[in-house]
Amino acid sequence: MIERFLGWLGETPWSVALLESLYVWPLVESTHVLALGLFVGTTVMMDLRLVGIAFRRVPVQAFTGRLLPWTHIGFAVMAVTGLLLFYSQPLRYYHNVFFRVKVLVLIAAGINAFIFHRGAQRQAAEWADDAMPSRAARAAGAVSLAAWTVVVVTGRLIAYNWFDCDLQPQPDWVNWAAGCAAGSE
Amino acid sequence: MLEPFFRWCESTLIGRAVAESVWAFPILEAIHLLGLCMLGGALLVVDLRLLGTGLTGQPIAQLARNARRWLITALAIMVATGIPLFLSEAIKAYYNTSFWVKMITLPIALLFTFAVRERVARAEGLEPGVRGKVVGAVSLALWFTVAAAGRWIGFS
């Protein structure tokens, strides 16, 4: 089902045009990379604050109130350009091990941010001005730093075809992780 | 004129080791990108503030002082990974316009950041003046050029 849909998606004229374009694809990809500086950059600064090792004199609420809108703009740019890049080669990315890990960790990072904003930040009145945030807030910051590191690294490695399904033979775990069709299909 | 030097760079032990390894270049690239993230964050916290947005309400001088350590850490990561990346494909870089745009803008951006921006940020109070805004905008423009040209090395 998913395969068939993605196969169809990759054959739509706009998808083909995007992949084959001389400048549009590189421009979308470059925007995706440069937006890292805005999105992950501001996220990392806030995480370092949450962990308690940077900007200790700046209240956490200044970060969540004043810097977060910029993080959101960065995320919007990353999401739009990221979806476009996926749209240019849906089936290839779908079967790319690094892409799969990236999406899973991306979801984990999202859940972590959601829990933080629902929970720890709500009690922020008690600790927001402290140099050292609450234990839950520090944990959220540390998880976020780790998750985004994995997302950036696996994101960069998507470009490499080491584990692609059409490069057989691959170890069993690769075929399993990439969801490669086993021979007969 | 410089071409023999670039040839020598590529023949160095590190240059050849990175070029011949399957994993070295991608891993160095990924770490280079992580450095970019930290650099972007450390720059933006101060530049946005100089432009009158972002962490408004926080003293500019204090933000600049706090961000400096992360800015230097990020630059150290980028240089430490950037040099072996360059060594592994120095000859390609020599004939690459984006590489030269990056290498000419980079020292200008570094000089501007540590000689001009640093001083202006430390002298600013709570409300950035016109000078602060210009410095924030120039800083963003310079580093944007470095990063964009850097990404474009791989496309041209």
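These are my entries, topic by topic.

**Ground rules.** I'm working with a predicted model, where local features need pLDDT of at least 70, side-chain atom pairs count only at pLDDT 80 or more, and totals for chains, interfaces and linings use all residues. Residues are numbered from 1 along each chain as its sequence is written, chains are lettered from A and ligands numbered from 1 in the order in which they are written, and side-chain values use heavy atoms, with hydrogens and water left out.

**Cavity.** I searched the whole structure and got 1 cavity of 30 Å³ or more. I noted α3 (24–50), α4 (60–88) and α6 (97–123) of chain B as the elements giving two or more residues to its lining. (Helices are DSSP runs of H or I, at least four residues, numbered from the N terminus.) The largest share, 4 residues, comes from α4(B). Among the lining residues I found B:Val46, B:Leu71, B:Arg117 and B:Glu118. The lining splits into 6 nonpolar, no polar and 3 charged residues. (Ala, Val, Leu, Ile, Met, Phe, Trp, Tyr, Cys and Pro count as nonpolar, Asp, Glu, Lys and Arg as charged, the others, Gly among them, as polar.)

**Disulfide.** How many disulfides are there over all chains? I got 1, taking a disulfide as a pair of cysteine sulfur atoms within 2.5 Å. A:Cys165 and A:Cys180 form it, with sulfur atoms 2.0 Å apart. A:Cys165 sits in the loop between α8 (135–157) and α9 (172–178) of chain A, and A:Cys180 in the segment after α9, 15 residues apart. The link is left-handed, at -85 degrees about the S-S bond.

Is A:Cys180 buried or exposed? It counts as buried because its relative accessibility is 12%. A:Cys165, at 21%, counts as partly exposed. (Buried means under 20% relative accessible area, exposed over 50%, partly exposed in between, with a 1.4 Å probe and protein chains only.)

**Core.** The largest nonpolar core has 62 residues, and A:Leu36, A:Phe55 and B:Leu39 are among those touching the most other members. (Such a core is a set of buried Ala, Val, Leu, Ile, Met, Phe, Trp, Tyr and Cys residues joined through side-chain atoms within 4.5 Å.) α3(B) gives the most to this core, 12 residues.

Notes: 1 Å grid on protein atoms, 1.4 Å probe; cavity = no way out; pocket = protein on both sides within 12 Å on 5 of 7 lines; lining within 4 Å. Points joined across faces, edges and corners; volume = space filled by probe spheres on them.
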